[in-house]
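Open the model in your viewer and keep the selection panel at hand.

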Amino acid sequence: MSSDRAALLLEEAGRAAGCTRCALHAGRTQVVFGEGDPDAELAFVGEAPGFHEDREGTPFAGRVRALLESLLGGVGLSLDQVYLATVLKCRPPGNRDPLPEESAACEPYLYRQLDLVRPRVVATLGSFATALLSGRALGITRVHGQEQDVTLGGRRVTLYPLYHPAAALYTPTMLEVLERDVARLPQLLAGEAECVDATHARVPVADLAPPAFPRGEGRERQPVQLGLF
Ligand code: SF4
């Protein structure tokens, strides 16, 4: 593990903990920054904390977390081998969709996390995170399981859209699709997706110039207006 990278993530989490950049700060129990292996090859990105996540301070809690853990176990991975994050770090009231201004205010935290962790594969869970990181406002039912190369902060990353486990929990057919899509993760992780700078070489953290992503610059932004998950 890179202790430098872990320390910088902690530092960033500390900054976010007192964030008041958008109105969501007023209703949160806590900022849910992210968790997991700072050197993970695989990151999962969801939409926003829900009720349980807001209480527990983890990006994925309860049955959603259990399902994610089970899916990962099916491909020989565990939660502590991946990095978990959400686009928004504070819970929208009633779990409503994020507003454009909330997303714009919060995105830089996510881009900074991805810049520090430097995952080879970023699995986006649901329509919102997928549209944000792909720059294409296509629903998850159209793009799930279709990997694409994207450039995030100057690095080539394999973006892999998946159904959100929260949706799959209640829809058996969706769960089957999710299981099939997750089964391809080892193949993607072993694939050719490489960083622009080298073969996913870990450049010294000191060479990373914070803040890597001034607001809105991590990915060309497009309006994202999509339904749940
Ligand atoms: S959602 Fe993000 S930008 Fe808004 S207050 Fe929370 S941490 Fe700050």
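What does the accessible surface of the protein chain come to, and what share belongs to carbon and sulfur atoms? The surface comes to about 10,000 Å², and 52% of it belongs to carbon and sulfur atoms (Shrake-Rupley method, 1.4 Å probe).

This is a predicted model, where local features need pLDDT of at least 70, side-chain atom pairs count only at pLDDT 80 or more, and totals for chains, interfaces and linings use all residues. Residues are numbered from 1 along each chain as its sequence is written, and side-chain values use heavy atoms, with hydrogens and water left out.

**Whole chain.** Colour by secondary structure: there are 9 helices and 6 strands (DSSP runs, H or I of at least four residues for helices, E of at least two for strands). Of the 229 residues, 54% are buried (under 20% relative accessible area, 1.4 Å probe, protein chains only).

**Ligand.** Select the ligand next. Show the residues around it (a heavy atom within 4 Å): Cys19, Arg21, Cys22, Leu24, His25, Arg28, Lys89, Cys90, Ala105, Cys106 and Tyr109. This shell divides into 7 nonpolar, 1 polar and 3 charged residues.

**Leu188.** Now go to helix α9, residues 185-189, and pick Leu188. Is Leu188 buried or exposed? Leu188 counts as buried because its relative accessibility is 8%. Beyond neighbours within four places in sequence, Leu188 contacts Arg120, Val121, Glu147 and Tyr160 (heavy atoms within 4.5 Å).

Key
Ala, Val, Leu, Ile, Met, Phe, Trp, Tyr, Cys and Pro count as nonpolar, Asp, Glu, Lys and Arg as charged, and the others, Gly among them, as polar. Buried means under 20% relative accessible area, exposed over 50%, partly exposed in between (1.4 Å probe, protein chains only).
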